[in-house]
Amino acid sequence: MAAATSHASASRPPGVETGTGPGTATEPPPVRPEQRRILSPWRMSDALALGGAVLSSGGMTWLIFTQLAPFSGPLGWLVVWYALFLGCYALLVSMDESGQAVRDRLAAVVVQSLAALLLLALAFVIVYVVGRGLPAMRHLNLYVEDLSVTGPLQPLSSGGVLHGIVGTLEEILIALVLTVPLGLTCAVFLCEFPGAFARLVRTVVEAMTALPSIVAGLFIYSTFILVLHFPRSGLAAALAISVMMLPIMIRAGDVVLRLVPGSLTEASLALGASRWRTVWHVTLPTARSGLTTAVILGTARGIGETSPVLLTAGYGNNLNLDPTEGPMVSLPLLAYELRRFPEAAMISRAFGAASILMILVVVLFAGARPIGGRGPGVLTNRQRRARERQSTSDAQRFAELARARMRQESQESQESQPQPTEPQRTEQQRTEQQPTEQQPIEQQEPESQHTGPRHRDQRQPEWQQPEPPANPPGGGDSPRRDT
Amino acid sequence: MTDVQVPQPETASPGGPDAPRRIPVTVGFGDRVFAGLARSSGAAVLVVMGVVGIFLAVQAIPALRDAGFSFLTTQEWEPSSGRFGIAAILFGTVAIGLMATTIALVFSVAVALYISEYAPARLKRTFISLVDLMAAVPSVVYGLWGVFFLQEYAIGLAQWLSTYLGWIPLFDMPGRDPRDPLGTLTDFKSSTFIAAIVVAMMVTPIASSVMREAFDQAPAGEREGAYALGATKWGMIRAVVLPFGRGAIIGGTMLGLGRALGETITVAMIISPIFEIQWNVLEKGANSVSALIALRYGDATSFPLSALFAAGLALFLMTMAVNFAASIIVARSRSGAGSEV
């Protein structure tokens, strides 16, 4: 107890600590050399408490497991150690902190250890699967051969999962061809044409995201294969994956499209663009990165799905390039089926197939991160350079056009001396809108003195000016000049 | 020039001073095509999705009509002899789902809190990517890990639980004496418990990323206010972050539950199917609707297939209810903004 009280007083601010005597309450505290305050939340006593708790709980667990109780097993050991550690740590912290702080420390330790446990376990899943697959993945024939001539007893140096790789890619490609256009168009529809019908579609799509993938497989199995009498094939599997992926993709696309700022689309509409031009040139490019992420994540989900493929694709050992006929396995299905064999080589191949699948997913994911990490409208360096090039070439084109017009204009003004103002004015009001052409206009100005003030007059009512057809271009033939 | 600036009286005057100006809307050819295309795509999606749902219901009708109400109460699954029901498999599905979600709830809140509150700022993005990547790892990978690695270690844990916590009805193992030195551990294999652990590993990243997004959005002003009132970090989390993210915690957990209920391959790889209500989650033998479909679709002629459809319909209705409830909770809560999946 004495230790606890001395610790508690030590943690008080120095000014209070020195003036605790009963008679010295009114006196100013004696001046001490000022100490720099340590702002770091991490103190030596914390580290000591943590280390002490680890050591003492470890010791106690050892005592319990070897001397006191008939416990055994590494997992139970860890659990008991952890429980004792929490108790010891709480006790140690409570020696020099208040109850609030003890709870804070305990919560921090619990949250961090649980998170570390889970993140380590998740990372371990990947490491374990890749590690078990490594013996098979070391042989190149895993990637270039199928299992048509390889039995379960043959070593890993023959046979592979090429048919699974090809099947996976073909199935997901067909599914993407089916779902991406339909899904994205439907997402655009949900955003652009709100109303009762769109609400209905959105509700149904949301309900369908809950469709278990096995039920999607069962649907295709009973319609496509049992009712329509198509064989089990890659196409059937792709259809099943599509049924599963479509609602996911629509939902993700809908969420992304709703993030497009309304000011952009309104600006486009206000400039007179039609609706589909607005969607095509403003909405979709703005949402492109988000849509790409949605598609890629949907692909990652579809590529790893086993159950719809299990029901619809059939199982074969041969490489099959034709999706419309014959069984076409995919990597997850292959991993699912191969692990049933008792032979170590087949199980190794199963882990190899799962590892390749995981690598595919990681590659997709790594692709999605940089593309989807940017907000709408933010460009990569390459895109920005392309825009700059485009813009420069546009400026040059406008400048050339203006120069050509100017030449034509000057010829006309030489031809028609009596009324030079009218055509020139229209020309200038048109050219004025492009800042790159200011240079030629100013060069022109000394020739016709009166353009300056009129130029300024015309700028003001610009929004009231007539449409271009009212003033026919090339003004030389205008009827007004004849009158 | 001048005639343009004259206001056009004929549009403003005829219907009285307050009559709304008629705005002519001319829809161009391109826009009409676009609207037609968009609407037809919406209709196509509606048709596809509707056909799936209706087909599911229609196919289930013969089995449901045959079984009647006993479909919900029978435990056996022998459609060809007419004795079948989803009592046992639905119970198994819910048991796996609830256990997995319970485990996942603890871990996903911890991971979300760690990433949003405790993790060093440098590592935050890495952890976010790691969790998102984990959500995308195929279920067959988790299944392989569960069958070949977790099973033998989880057996020890299950034995420990049944020996020392056997007085809890859930962990009881009737007919097994924990002191029996000849007792084998295989009684603990392929149980609801092990399947639930693996499914929990799968759904934790999904639930956790929903929660983390909500926790990150907890307003900085309120956080600083809590600190200014003298709260510790945990006090701040309890007073600000957790109440703010409550909707996301519930919603994310239910989203995970929906995923766990529909999970097929992992469960099918681990369990050994039985058709009776298995209260003792540690004991060998479990079942779930999707695993049943995956294991039984092959030998199904038309009537057993109809029974499978009925089971699938029940599962679909359940996951749909869970998902809708989750989305409503997430949308209504204060933290709902931006935490959609």
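## A kinked helix and its surroundings

There is a kink of about 25° in α5(B), centred on B:Ala104, where the bend at a residue is the angle between axes fitted to the seven residues ending there and the seven starting there. The model is a predicted one, in which local features need pLDDT of at least 70 and side-chain atom pairs count only at pLDDT 80 or more, while totals for chains, interfaces and linings use all residues. Residues are numbered from 1 along each chain as its sequence is written, and chains are lettered from A and ligands numbered from 1 in the order in which they are written.

Helix α5 of chain B covers residues 87–118; helices (H or I, at least four residues) and strands (E, at least two) are DSSP runs, numbered from the N terminus. The expected span of a helix is 1.5 Å times one less than its number of residues, so the 32 residues of α5(B) should span 46 Å, and the 44 Å between its end C-alpha atoms agrees with this. Because 24 of its 32 residues are buried, α5(B) is largely enclosed by the rest of the structure; a residue is buried if 20 or more other C-beta atoms, placed from the backbone, lie within 10 Å of its own, exposed if 12 or fewer, and partly exposed in between.

Chain A has 21 helices and zero strands, and 35% of its 483 residues count as buried. Two residues are in contact if their C-beta atoms, placed from the backbone, lie within 7 Å, and of the contacts in chain A between residues at least 6 apart in sequence, 70% join residues at least 24 apart. Chain A is divided into domain 1 (44–121) and domain 2 (162–382), with bounds that come from an automatic or database domain assignment, and the C-alpha centres of these two domains lie 46 Å apart.

A nonpolar core is a set of buried Ala, Val, Leu, Ile, Met, Phe, Trp, Tyr and Cys residues joined through C-beta atoms within 7 Å. The largest such core has 194 residues, of which A:Ala335, A:Ala354 and B:Val199 touch the most other members. Domain 1 and domain 2 of chain A both give residues to this core, so it lies between them. Apart from it lies another core, of eight residues, including A:Tyr89 and A:Val102. Leaving aside neighbours within four places in sequence, A:Ala335 is in contact with residues of both chains, among them A:Ala350, A:Leu357, B:Val140 and B:Leu144.

The contact between the chains takes 82 residues from chain A and 74 residues from chain B. On the side of chain B that touches chain A, the largest share, 19 residues, comes from helix α3 (residues 29–67). That side divides into 49 nonpolar, 21 polar and four charged residues, where Ala, Val, Leu, Ile, Met, Phe, Trp, Tyr, Cys and Pro count as nonpolar, Asp, Glu, Lys and Arg as charged, and the others, Gly among them, as polar.

Some individual positions of chain A complete the picture. A:His229, in the loop between α9 (213–227) and α10 (234–258), counts as exposed because it has 7 C-beta neighbours inside 10 Å. Its phi is near 60°, a positive value in a residue other than glycine; most residues other than glycine have a negative phi. A:Val227 lies in helix α9 and is exposed, with 11 other C-beta atoms within 10 Å.
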